[in-house]
Amino acid sequence: MTGYEILCSLAPLISLPKDTRLKYLSFINTILTSFFTLWIISFSVIAFFMPSPFAGLSGFIVPVLGVIMLGMGMTLTTDDFRRILKRPRDVGVGVAAQYG
């Protein structure tokens with residue numbers, strides 16, 4: 001599907017009133033995020049047994065992980081860093097487990 005075809009398929013959504021659009025997008029977001037674990041497990045099992053369709057996606061691993069890590073980092077608060085400073089042993093165990 002080309003970018004133009006995708007935009008054309010979104011045209012009916014764009015023409016809806018703003019509150020209806022937001023409700024529709026909110027509904028889609030709820031469905032996608034509610035079943036996120038199921039999506040991950042399903043695609044992992046499929047990729048394990050049929051890796052060839054996913055082989056072309058290997059170049060996206062690093063950028064996608066970067067986006068995920070950025071998103072996780074943006075959710076950190078100052079309280080998170082305070083907890084790290086209060087429990088340096090836990091951080092040390094994590095570093096040792098990662099690199100040791």
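Asp80 and Arg83 are joined by a salt bridge whose closest N and O atoms are 2.3 Å apart; the term covers a side-chain nitrogen of Lys or Arg within 4 Å of a carboxyl oxygen of Asp or Glu. The model is a predicted one, in which local features need pLDDT of at least 70, side-chain atom pairs count only at pLDDT 80 or more, and totals for chains, interfaces and linings use all residues. Residues are numbered from 1 along each chain as its sequence is written, and side-chain values use heavy atoms, with hydrogens and water left out.

Both Asp80 and Arg83 sit in helix 5, three residues apart, or about one turn of the helix. Helices here are DSSP runs of H or I with at least four residues, and they are numbered from the N terminus. Asp80 counts as buried because its relative accessibility is 18%; buried means under 20% relative accessible area, exposed over 50%, and partly exposed in between, using a 1.4 Å probe and protein chains only. The side chain of Asp80 also has a polar atom 2.8 Å from the backbone nitrogen of Thr77.

## The other two bridges

How many salt bridges does the structure hold? There are three. Another of them links the side chains of Arg82 and Asp79, at 2.6 Å from N to O. This pair, too, lies in helix 5 (residues 78–86), with three residues, about one turn, from Arg82 to Asp79. Arg82 is partly exposed, since its relative accessibility is 47%, and Asp79 is partly exposed at 41%.

Asp90 and Arg87 form a salt bridge as well, with their closest N and O atoms 2.6 Å apart. Here Asp90 counts as partly exposed at 37% relative accessibility, while Arg87, at 53%, counts as exposed.

## Aromatic pairs

Next come the rings. Two aromatic pairs are counted, where rings of Phe, Tyr and Trp (its six-membered ring) pair if their centres lie within 6.5 Å, and planes under 30 degrees apart count as stacked, over 60 as edge-to-face and the rest as tilted. Phe43 and Phe54 make an edge-to-face pair, 6.5 Å centre to centre with 80° between the planes. Phe43 belongs to helix 3 (residues 36–49) and Phe54 to the loop between helix 3 and helix 4 (61–74), so this pair ties together parts that are 11 residues apart in sequence. Phe43 is partly exposed at 46% relative accessibility, and Phe54 is partly exposed at 26%.

Phe48 and Phe49 form an edge-to-face pair with 5.1 Å between centres and 85° between planes. Phe48 and Phe49 are both exposed.

## The largest pocket

The largest pocket holds about 420 Å³ of space. On a 1 Å grid over the protein atoms alone, a pocket is an open set of points where a 1.4 Å probe fits, with protein on both sides within 12 Å along at least five of seven lines, and lining residues have an atom within 4 Å of a point. Grid points are joined across faces, edges and corners, and the volume is the space filled by probe spheres set on them.

Which elements give two or more residues to the lining of the largest pocket? They are helix 3 and helix 4. Among the lining residues are Phe43 and Phe54, along with Ile40, Leu57, Val64 and Ile68. By class, the lining has 10 nonpolar, two polar and no charged residues; Ala, Val, Leu, Ile, Met, Phe, Trp, Tyr, Cys and Pro count as nonpolar, Asp, Glu, Lys and Arg as charged, and the others, Gly among them, as polar.

Methods:
A polar contact is a pair of N or O atoms within 3.5 Å; within protein, one must be able to donate a hydrogen and the other to accept it, and residues adjacent in sequence count only if both atoms are side-chain atoms.
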